[in-house]
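I want to look up how the pieces of the fold sit against each other.

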Amino acid sequence: MTGRQWQWVGAVVAVMAFAAVVAVLIPSGPVPVEIRLAGPERIRSAPLYVAMDKGFLAEQRITLVVTPFYTGKEAYVETMAGRQDVAAVAGMPVVTAWANGQKPAVLATLSQANAQAAIVVRGVGRGDIRRLRGQKVAVLKATTSELFLITMLGSVGLTPQDVEIVDVPEKSIIDALAGGQVAAASLWEPVLGQALARFGREVSVIDNDGSFVDYWLLATSETWLNANRGAAERLLRALVKAQEFIRAHPDEARAIVQRHVPRDSMVWDPRIFRIRLDTALLESLKGNARIALGVADPSSLVEALHPAPLRAVAPAMVGLDIRP
């Protein structure tokens, strides 16, 4: 082999060696991203907890920085203000933001359930909501608490004007019931479970009669989504994988979630966890706007649903009649 040939071989080897070093020094895959998640600690957020513990977020090179809030309402206020990135939240805070002229962006449902709220009434034998006519009832305004009360009143032909609705700070609502400032309180999990444990047989409960269906959402603002579309897709990809794991391994998933939210008394049901966007959700949000806020035509709420990131990850999980 001539000297020139040796030089050519040496150059090829050097290039290959350099490429190998670069491959080691520059990791493949998406750029690492940190996402700030706000929300109350709920079993309903199970896909998020499973995605964290099973490494599905790590596969997407996402670090989730979780800040717990007492309610989804305050979590979503922080998200819309840009102090958090995404939130785990019920529908009412999203509807309220929309009604206030803000630009919410719902990425997907995390779960759907109809057993998340109940009205707790002082004294026994008061399980009929009609007996609350003229009584003070504590709620947390613009949340599931208020929406549930109004829905249940409507189911028996009553209106919010038939009771005296009292807006109570979220951390004081049980104390208001205990102190006699109100005759009843419309509560949500896990506050509902805390109240029942505290009062025992001193109270009666008006349960959901099937009139009320609530969704738990992964939501953000249009501002964040427009700047972080790729990160949103990667987050949803991890959550879709978490949903599949919950369905395939419900007992292991339950153990994971209970480590994160040991105080939530919600009954575990793996069937409620659905990463999805469809017209059923849209109709639910529109119903919330009509019932709780008195909006005659909430059709523009469709603009709060942003299916493109989920469609890019799992097209089958997006309803066909949701806008592009």
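Predicted model: local features only at pLDDT ≥ 70, side-chain atom pairs only at ≥ 80, totals over all residues.

I started with H10 (residues 229-248) and H11, whose axes come within 5 Å and cross at roughly 115 degrees. Next I looked up who touches whom: Phe245, Ile246, Arg247 and Ala248 on the H10 side meet Pro250, Glu252, Ala253 and Ile256 on the H11 side. Sorted by class, the residues of that contact come out as six nonpolar, no polar and two charged.

Then I moved on to the strands. A reminder to myself: strands of a sheet pair through backbone hydrogen bonds, either parallel or antiparallel. Here I found five strands in an open sheet, ordered E7-E6-E8-E5-E9, with mixed pairing. Which strands sit at the edges? They are E7 (164-167) and E9 (203-207), each pairing on one side only. From one strand to the next, the twist averages 30 degrees.

I zoomed in on one pair: E6 (residues 136-139) and E8 (residues 184-188) run parallel and are joined by two bridges. Alanine 138 has alanine 185 in E8 as its bridge partner.

**Helices on the sheet**

What lies across these strands? Helix H6 (residues 144-155) lies across E5 (117-122), E6, E7, E8 and E9, and runs at about 75 degrees to E5. Helix H8 (residues 191-199) lies across E5, E8 and E9, at about 130 degrees to E8.

**A pocket**

Last entry: empty space. Rolling a probe the size of a water molecule over the atoms shows where empty space is left. I noted a volume of about 200 Å³ for the largest pocket. How many residues line the largest pocket? There are 13, and Glu41, Arg42, Pro190, Gln194 and Arg263 lie nearest its centre. The lining splits into eight nonpolar, one polar and four charged residues.

Note on methods
Residues numbered from 1 in each chain as written. Heavy atoms only, no water. Pairing = 2+ DSSP bridges. Helix = DSSP H or I, 4+ residues; strand = E, 2+ residues; numbered from the N terminus. Axes fitted to C-alpha atoms, helices over the stretch in contact; angles between N-to-C directions. Contact = heavy atoms within 4.5 Å. 1 Å grid on protein atoms, 1.4 Å probe; cavity = no way out; pocket = protein on both sides within 12 Å on 5 of 7 lines; lining within 4 Å. Points joined across faces, edges and corners; volume = space filled by probe spheres on them. Nonpolar A, V, L, I, M, F, W, Y, C, P; charged D, E, K, R; others polar.
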